[in-house]
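Subject: Structure handover

Hello,

Here is the structure I said I would pass on. My notes on what was found in it follow below.

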Amino acid sequence: MSASSIVSKLALVKLAPVEAVLFDVDGTLCDSDPLHHYAFREMLQEIGFNGSVPIDEEFFIKNIAGKHNDDVARALFPDDFERGLKFTDDKEAYFRRLVKEQLKPADGLDKLVKWVKDRGLKRAAVTNAPRANAELMISMLGLTEFFQAIIIGSECEHPKPHPEPYLKGLEAIGASKEHTFIFEDSPSGIRAGVAAGMPVIGLSTRNPEDFLMEAKPAFLIKNYEDPKLWAALEELEKQSGIKSAAAEDNTSI
């Protein structure tokens with residue numbers, strides 16, 4: 001077994017017995033970054049940003065992905081914040097139209113959702129996305145009833161990378177950070193979770209692995225089918241003594 005596999009298996013053990021899981025939305029529940037990139041690229045080119053040269057993926061990752069829209073507005077329109085806010089609002093409306101046509105769940109999401117539900121774990125979505133975006137994506141993924149709370153960064157005093165949204169997520173579902181872990185796909189989100197005192201499993205959906213590792217996740221996975229994830233969850237189950245509802249039904253027969 002590789003050193004990284006051993007680290008992955010042990011990363012969550014200290015949480016036993018696990019009681020909750022927190023999820024980011026964009027890029028974590030679904031591979032939405034290409035839709036965001038497309039919307040920004042098309043709209044920025046239309047207004048002549050960067051001499052009408054389309055923004056590339058590197059620019060998107062560095063300046064936009066995972067960030068709150070206030071920060072994006074300041075980065076793109078440093079001399080006209082109000083214009084930046086209007087631009088990001090219009091971009092989000094365009095993004096929602098794309099979501100209705102093209103959104104797909106992250107690979108293996110259904111399997112993980114079943115694992116969480118079968119074990120009766122508490123769960124919340126914690127995101128920097130506007131509420132309209134978050135609720136639409138969650139609905140399109142069929143997860144409206146799955147989440148017991150949705151925490152929006154702009155509805156907190158501080159969005160990610162500040163820990164407040166994740167701490168509010170814990171409060172909303174009545175969970176403790178000592179028995180909760182997080183799924184995230186951006187450096188900003190990983191930093192928020194780590195600062196809130198919880199282990200974060202990072203998804204390398206789009207962001208480079210070295211970029212994500214700088215934020216200090218517990219470990220990285222490609223998607224929810226990654227064997228590293230299931231080895232870690234199996235080890236956590238052993239330490240927690242939790243079983244799925246199906247397993248408990250079988251033992252009572």
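**Notes on the model**

Helix α8 is followed by Gly-174, which has a positive phi near 65°. Please keep in mind that this is a predicted model.

Staying with that helix, α8 covers residues 164-173, and its buried residues are Glu-164, Pro-165, Tyr-166, Gly-169, Leu-170 and Ile-173. An α-helix has 3.6 residues a turn, so residues three or four places apart point the same way. The cover over the buried residues of α8 includes the strands β1 (20-23), β2 (122-127), β3 (150-152) and β4 (180-184), together with helix α9 (187-195).

**Overall**

The chain contains 12 helices and 6 strands. Its radius of gyration is 19 Å, close to the 18 Å from the globule rule for 253 residues, so the chain is as compact as a globular protein of that length. The C-alpha trace spans about 65 × 35 × 30 Å along its principal axes. Of the 253 residues, 51% are buried.

**Cores**

The largest nonpolar core holds 57 residues, and Phe-23, Phe-181, Phe-183 and Tyr-224 have the most contacts inside it. Leaving aside residues up to four places away in sequence, Phe-23 touches Leu-29, Leu-112, Val-116, Ala-124, Ala-125, Val-126, Phe-146, Phe-147, Tyr-166, Phe-183 and Tyr-224. There is also a second, separate core of 20 residues, with Ile-151, Ala-175, Met-198 and Val-200 among them.

Phe-219 belongs to strand β6 (residues 219-221). Phe-219 counts as buried because its relative accessibility is 5%, and the cut-off for buried is under 20%. With residues up to four places away in sequence again left out, the contacts of Phe-219 are Ser-8, Ala-11, Leu-12, Val-200, Ile-201, Gly-202, Lys-228, Leu-229 and Ala-232. His-158 is 61 residues from Phe-219 in sequence, and the C-alpha to C-alpha distance between them is 26 Å.

**Largest pocket**

The volume of the largest pocket is about 480 Å³. Its lining has 33 residues, and Asn-69, Glu-92, Asn-128, Ala-129 and Pro-130 lie nearest the centre. Helices α2 (33-46), α4 (69-76), α5 (81-102) and α9 each supply at least two lining residues. The most comes from α5, with 6 residues. Sorted by class, the lining has 12 charged, 12 polar and 9 nonpolar residues.

**Backbone points to check**

Most residues other than glycine have a negative phi, and most peptide bonds are trans. The exceptions below may be worth a look.

- Ala-16 and Pro-17 are joined by a cis peptide bond, with omega about -5°. Pro-17 is in the loop between α1 (3-11) and β1.
- Lys-160 to Pro-161 is also a cis peptide bond, with omega near 15°. Pro-161 is in the loop between β3 and α8.
- Ser-52 is not a glycine, yet its phi is positive, near 65°. Ser-52 sits in the loop between α2 and α3 (57-63), and at 34% relative accessibility Ser-52 counts as partly exposed.
- Lys-216, likewise not a glycine, has a positive phi of about 70°. Lys-216 is in the loop between α10 (209-213) and β6, and counts as exposed at 62% relative accessibility.

Regards

Definitions and conventions. Residues numbered from 1 in each chain as written. Predicted model: local features only at pLDDT ≥ 70, side-chain atom pairs only at ≥ 80, totals over all residues. Heavy atoms only, no water. Core = buried A, V, L, I, M, F, W, Y, C linked by side-chain atoms within 4.5 Å. Buried < 20%, exposed > 50% of the residue type's maximum accessible area, 1.4 Å probe, protein only. Contact = heavy atoms within 4.5 Å. Helix = DSSP H or I, 4+ residues; strand = E, 2+ residues; numbered from the N terminus. 1 Å grid on protein atoms, 1.4 Å probe; cavity = no way out; pocket = protein on both sides within 12 Å on 5 of 7 lines; lining within 4 Å. Points joined across faces, edges and corners; volume = space filled by probe spheres on them. Nonpolar A, V, L, I, M, F, W, Y, C, P; charged D, E, K, R; others polar. Rg over C-alpha atoms; globule rule 2.2 N^0.38 Å.
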